[in-house]
Structures are given as structure tokens and as C-alpha cells.
Amino acid sequence: MVKAPAVCRTRRDSRAIESEYIDCAQALAAKSFSVCCSARARRQCAPGHHGEPDMIEEKRSLLAFGARWTLRTAFVLGVAAAATTVIYFTPVPDPFFASCDRPCHELDWPMICRIKLTIEVYQTLSSSCGTCPENQTECWNPNCVTADGFKRGILTANRQLPGPSIHVCENDILVVDVVNRVPEHGLAFHWRGLPQKDTPFMDGVPMVTQCPIPSYTTFQYKFRASRPGTHMWHAHNGAEMADGLAGALVVRRAPNREPHRALYDEDSKDHMIVITEWTHSFALQRMLQGSVATDALLINGRGSSKDGVPSASFQVLPGVRYRFRLVHAGVISACPLKLSVEGHMLKVIEIDGSPIRPKDVSSITLASGERVDFVLETSAPPSTYAMKVQSTCSRLEQTATVRYIESPEVTKTKRELQSAKQADAQRLDSTGQACGTPDVVCLAELEALDPAHSSLSKSKVDLELELPFEFTSISNHSLGSFIVSLDPEVKVPHISNLTFVYPSSPLVTQAADVPSGLLCHAESKPKGCTTLPCECVHQLDVPLGAAVQLSLHDKGEAVGEGHVFHLHGYSFHVVKRLANGGVSLSPAKDSVTVPAGGRVEIRFIADNPGYWLLHDQHVGYTARGLGVLVHVGDSTDMPSPPPDFPKCGTWRGPDFFLT
């Protein structure tokens, strides 16, 4: 029997090599070696061949393979060790709202921002204030709410007035735990400026998008900060917002996506300005008394008064350009407010989260719910300057200070020169009250950096709806679900002769539970609705994807400051009709002022399915029904709520349950 050489057996020691060698030897005898034998067999197992060179070569190959494997393993282990070290030594983010207040970068992953808002009944000048105002240092203690020095009960979030400012980066995910510790009182919170696309159930309108948050329970909001800009969060019922439940919500862009980044040096949370209207009693109590007059204006929850409490103060360095973010959170009288800074020009760069072509003005007048970003350059002679806020429909005003750090006082002459320069400049008025005056810049004159959708620039759009509104005086005795005041008559608002009431269950999540008899349209009123007030869940049906125009027309008397309307879920453009039949569109906004006795047209693309509330900002008007739902799409377009989303509604027991 032919056997393989020892070297072949030693190296392989397998039956396969033995068989291969035998086949090779037989093929060699048959002179068909090249046909029947593999190259390895010819090379290693032919008679007289010992295979040493191939053994050496294979050993080298094995050694090279081993070296490569060792190197790869070492590289993988090194990367894993480095990653573990970085993770180990990276501080764990604060689980509360400060964790996402950071520089924003385009290549960073979005963060999940955990925020906790504890809502409770609190008090101004509580024990946290120590001996304030006698000792003004203690007026700045943590949890010390001074307001204007008047002692009263208030509603607070985290014992702050206004509530904490939330600062995040674009596309961060907010997870907000709202803990309701207010006895026997349901709440919901709206995130103004964020469209809530794909999350309409997080918009925060009680009995439209969610159930009110019951006392002593927690509701968790989860949504994406998809729209950059200066926004606002607040309790949706106007009375709670008026009593202190509101705060700023800032969504920052990465620097290379911020169109005005070259215009300022610093954008800090220390330069937030939140203006609120203030009363010396709970807003609901004022409504019952038939008066919702404002007693004071507050800047960042503070207002100087005869009681000696300190006003708000902003510290600045000379020669620096600061970005200030201004929020009008007043809803008691919803009057326009005018802000100016002594001796300084204001460069307006953004309104309601929409960047605009910069405009230098001496003052800014904005309506309730609006937000304006401006740049203040500290180029004036170093000193302490007054930041003044004035109501345009009353004599109320409030003052904060802009103080140059470590700066000498300047002479009166230098101040007068700065003031003269400021007096010659234009002033911004977004409300339209002073349009036509040469020194006033109106909303229609602001140029947006982000162009509107081309479908909105046409003379006609897909759907045009008229929304005339006015007030009718009704005797207190004939009122149904309205807040009954001490006045013998109450002015009841209505849009298209329909007064809005909230449904019995949230339409976004429980539309099937709402009786069809509660829903109404201008062309299909409820049965028996022959006289005013005609109360129902007034809604407008809008096809998904349509270009829509809503025309708001005040049919009442042409007196007063007009009405401010806010639309949830969308930013819209205010239409200006041109002489040639075309239209001009304002920067995108979510609030607009309808002048007393006037008319305003707004346009938007209905690309966000849901039930979106359009309502007046005034706390009394909203509570009495000056609103309408914009229903976009149908049930198949609506995003599904999360599993186990809270439900609520009317409960009627069985006909017989007593035995």
C-alpha cells in the first residue's frame, strides 16, 4: 500500500491528506499527475519531497495572522477602555431643568431634558424672605417672592414668580413632570410657540387635548422642541396664568444655524425679561367682582413700590452686545406694553420665534403673548440706566435697571446726548395701533428671513373662512354655564353667533365620547339654539394640507385696544393687501392683534392634524367663550396617543342601581 511521507502525515495528520497523497501517487504512476493531483499534493507529497519550505511559509503565515488578530483585539479593547473612562468620569446631568441649558452644537445628539414643575399655593413675602423689605438683601433669598410688596396668596411653579425659565437646544426632547399640589383644582399646561406636530395630545388645553391634571397627581408631558426661538409655557386657563403660572421657554439653535449670531456676543438666561400683569387678589375673584383691572406690572416677578421691595436688575459689561429675550405674559387686561432702555437703542432680530431682518428702534410695543428678541449694545457711558415698561391702556408702569458693572457715574450732559439720539429713532409697534405714523415700524414692515410657503402668496388660497365676532349684553339671570359676576349684565362673546364651550371629553383622544349634539359649525347650529347665547363646541373643519385663510372681524364698537388672538399648533402669516391685488405676508407668528372694529386676515398651511384652539388672550373673554377649534384632518390623520393615556368625561350611572 502506498503511504504518504512522514512529513505529510506529521503536518496534517488527517485522513484527507493521506487519501490525497495515495490518489496522487496512483495518478503519478498513471502519468496523469497534473490532472488528478492538487497543487498542494504535488508540492508537498510527491515522492522525494520533504515539505520543509512550505512548513516554514505556513508558520510565517500563522504568525502574521496571530499578530494581526492580537493587534485588532488590542485596538478594540483600547477603544472600549477609553469609552468606559470617558463615561465614568463624565458628570451625570442634573435631572431637572438646568441639565439642558448648555451651548448648542449642530453635531451633538439631542438631549432628553427632565423638568419638574411643582404647582402649589404659595404666598408673597413668605418666611423665605426673612426681614425683606427692611433688609433688601434677604429679598433675593431662594423661594422669596416679593412681587410689588403686597402680601397675598399666589399660585407658583417651584415657588418662583414667574415660573422657572426652561432653556434647551433645538430638537431636544422635553420630559416635564407637572405635580399638581393645588387643592381641588385641575390644571393643564400649554407650550406656546411649539407646534406639537405628531404630539397634539401634549398641547395642554384641558378638555380638548387632555384631561385636566387632578389635585395631588402628576402628569408627564413629552414632546420635541422642534421650533427654535423664544417661547413661553403657562397654565392654559387664564385665571391660573394671571396668578403666576407662566415662564419662558427658550429653544436655541446651533451657532452655524443662528442667522443673527454675528450680531451679539452673549446670549444668557440672565437676560430674560418676563413681564406680567399683577392684581392684589386672585384673578378668579376679580372676575366674580366684574372687574379684572391690573394693579401693577412686574418685571421678572418684581416691581418697586412704596413698600420698598427691590426691582429687577440686569448687570452688563461695557462694550458688549447682549441678546435680550422679551416675553409679554400678561393676560389680566391683555394691554399692549411698551419697553425702552434709557440711553440705548434696541436692535430687534426676532418676533414670536421668527428671525427678521434687523431693525434698530428706540422702543418696542408688543401685545399679550408676543415675544421679541433684541440686541442691546452697552456702548453708552458706563452708569446705571432705567429699563421702563409702560401699559398703553392705563397709567401703569414699572422700572428695572441696567447696571454697568464697576462703572463710574456719568454727567447729566452725557445722559442728555444719549436720550436725544434715542428720541430721533423709530419705534416698533407689533400691535398695529400706531401704524401710519412716520416714526413707527409696524408688523407689515418687518421682513422675515424665512420665506412663507408659495401657496400662501397667491391672491386666493384653498380655503377662506370668515370669523366675525362681537359681544352681546345678557342678563345675569339668563346665563347658563358662564361665570356669573356681581354685575346685572354680562357681555357674552360669540364668533359667527356661537359661543364656545369646552367638550365633555378631550376631542384629541376621546372624540367618540363627545355627544354629537355638543359639536356645531356656523352653518349647523345645535337644535333649540335660536337666541343668544348659543353655546356649543364650535369648530372649523379644515382639510389636511390646505392653504387656509382665516378672517377675524371685530363687529363691535371701534373703541379700546382691540383683541389679541392666539392659534395653537401653528405659526401663521398676517396678510397685507396691496394696491395691485397681490398680498404681502408678515413674519410667521402665533398671536395677532385685531384692532377694535377692525379686520385681520391670517394664513397658514394646514399640515398639522389635530384640534387646535384659536382664542382671545384676555382672561375674562376666554373664560366666557371667545374662541373656536380649528379641526385639521380627520380621525385617520390623527396621531395615536400613548398607551394608558388618561381619560375623563361625563359619567351617568345605570337607571337602577339601588337594591
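Visitor: How many of the residues of the protein count as buried, and what makes a residue buried?

Guide: The model is a predicted one. Of its 659 residues, 51% count as buried. A residue is called buried if its relative accessible area is under 20%.

Visitor: What is the accessible surface of the protein, and which atoms does it belong to?

Guide: The accessible surface comes to about 30,900 Å², and 55% of that belongs to carbon and sulfur atoms. As for the elements of the fold, the protein has ten helices and 34 strands.

Visitor: Why is Thr-124 called buried?

Guide: The relative accessibility of Thr-124 is 0%. The cut-off for buried is under 20%, and therefore Thr-124 counts as buried. Thr-124 lies in the loop between β1 (112-123) and β2 (153-157).

Visitor: Which residues is Thr-124 in contact with, leaving aside its neighbours within four places in sequence?

Guide: Among them are Val-145, Phe-150, Ile-154 and Trp-278. Each has heavy atoms within 4.5 Å of Thr-124, because that is what contact means.

Visitor: What makes the pair formed by the side chain of Thr-124 and the backbone oxygen of Phe-150 a polar contact?

Guide: A polar atom of the Thr-124 side chain lies 2.8 Å from the backbone oxygen of Phe-150. The limit for a polar contact is 3.5 Å, so the pair falls within it.

Visitor: How do you know that strand β17 is mostly covered?

Guide: Strand β17 spans residues 371-377, and six of its seven residues are buried.

Visitor: What makes β12 and β14 partners of β17?

Guide: Two strands pair if at least two bridges are found between them. Strand β12 (residues 321-328) is joined to β17 by seven bridges, so the two count as paired, and they run antiparallel. Phe-324 stands opposite Phe-374 in β17. Strand β14 (residues 346-351) has four bridges to β17, also in the antiparallel sense, and therefore meets the condition as well. Here Glu-350 stands opposite Asp-373.

Visitor: Which residues touch the most other members of the largest nonpolar core?

Guide: Ile-273, Leu-339 and Ile-364 do so, in a core of 61 residues. Not counting residues up to four places away in sequence, Ile-364 touches residues including Leu-326, Val-348, Phe-374 and Leu-428. A second, separate core has 42 residues, among them Cys-100, Val-176, Phe-219 and Val-514.

Note on methods. Residues numbered from 1 in each chain as written. Predicted model: local features only at pLDDT ≥ 70, side-chain atom pairs only at ≥ 80, totals over all residues. Heavy atoms only, no water. Core = buried A, V, L, I, M, F, W, Y, C linked by side-chain atoms within 4.5 Å. Buried < 20%, exposed > 50% of the residue type's maximum accessible area, 1.4 Å probe, protein only. Polar contact = N/O pair within 3.5 Å; in protein donor to acceptor, adjacent residues only side chain to side chain. Areas by Shrake-Rupley, 256 points an atom, 1.4 Å probe, with all protein chains shown as cover.
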